[in-house]
Amino acid sequence: MNERIIELTEINPNDFFGAQNSTISQLKTYFPKIKIVARGNKLKIYGEPEILDEFEKRVGMLIKYYMKYNKLDENVIERLITSTGKEDKPQSGKVSDVLVHGVSGKQIKAQTENQRKMVSLMTKNDMLFAVGPAGTGKTYTAVALAVRALKEKEVRRIILTRPAVESGENLGFLPGDLKEKLDPYMQPLYDALRDMIPHERLESHLEKGIIQIAPLAFMRGRTLDNAFVILDEAQNTTHAQMKMFLTRMGVHAKFIITGDPGQIDLPRKQISGLKQALLALKDINGIAQVYLDDKDVVRHRLIKKIIKAYKSIETE
């Protein structure tokens, strides 16, 4: 009897095999002549070569589906195991609306008009400035676009960066080494990624450098090829930092710059690099700008009222 091993990488075996190995049980009903043993992240199979070939092909289809949609259920397994056509077809609903199938199959979509505009502009341009107040989904939508580009192999890596500018706090007083000091500044980027990529796969991508999260200062001297790059909190860049970042762009790269000009933490006399860039680059072909406002807020309903209240004070 022939033996083969199928290894699951970047996949949580518990999720893929199902509760009480329900996926394995279902596979056994379709392949009764194969002995299947699941141990850790490995699937050992025993049987005749022709049947093993077919089994591996079908499991490969299941893995491909899971990597895209981050879930499996009985109906999907049955459809893929018994299908005679090509790879699974999209499920019901407008696929174009879904940017990414996140953890547990959660559908992540652009929820507002300006978020949808971000998606549309990014398909036609290589660089996009997305500007607006807190809670309008700038960063989240940008990260979803980056994850989609990585999944569809449009880019080889994602690079997420933001300036480590202190907002009334001092980095020097934070405990830990440099990474531990800087990680809190990167937390919103980690949070978005955890919504969209299962834990094991995210950890693997971070370890391999497929996804990189670093403060802006670490971008100096690099050329960013075949990458989807997001500069978050760009209102806190200086003129020199913004110029340095924008000139990192390599071939087959996509850049999104997000920021809120109303939340600048730079010293008073320092001009925001974001404001300068918006003016200097507004007429360049291939660079787009989108402005989000309180209508795009997707956090708590009070956020809209808070933004409006502050806007009335700041314009007096």
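The side chain of threonine 237 reaches the backbone oxygen of alanine 234 at 2.7 Å. What you're looking at is a predicted model, where local features need pLDDT of at least 70, side-chain atom pairs count only at pLDDT 80 or more, and totals for chains, interfaces and linings use all residues. Residues are numbered from 1 along each chain as its sequence is written, and side-chain values use heavy atoms, leaving out hydrogens and water.

Where does threonine 237 sit? You'll find threonine 237 in the loop between strand E9 (227-231) and helix H9 (239-246); helices (H or I, at least four residues) and strands (E, at least two) are DSSP runs, numbered from the N terminus. Threonine 237 counts as buried because its relative accessibility is 0% (buried means under 20% relative accessible area, with a 1.4 Å probe and protein chains only). Its contacts (heavy atoms within 4.5 Å) include Met242, Gly273 and Leu274, not counting residues up to four places away in sequence.

Now for the helices. Two packed helices are described by the angle between their axes and the distance between the axes. Axes are lines fitted to C-alpha atoms over the stretch in contact, and angles run from 0 to 180 degrees between N-to-C directions.

| Pair | Axes come within | Crossing angle |
|---|---|---|
| H3 (residues 49-69) and H4 (residues 74-82) | 9 Å | roughly 135 degrees |
| H9 and H10 (residues 273-280) | 8 Å | roughly 55 degrees |

In the H9 and H10 pair, the contact is made by His239, Met242 and Leu246 of H9 and Gly273, Leu274, Gln276 and Ala277 of H10. Over in the other pair, Arg58, Met61, Leu62 and Tyr65 in H3 meet Val76, Ile77, Arg79, Leu80 and Ile81 in H4.

Methods
Buried means under 20% relative accessible area, exposed over 50%, partly exposed in between (1.4 Å probe, protein chains only). A polar contact is a pair of N or O atoms within 3.5 Å; within protein, one must be able to donate a hydrogen and the other to accept it, and residues adjacent in sequence count only if both atoms are side-chain atoms.
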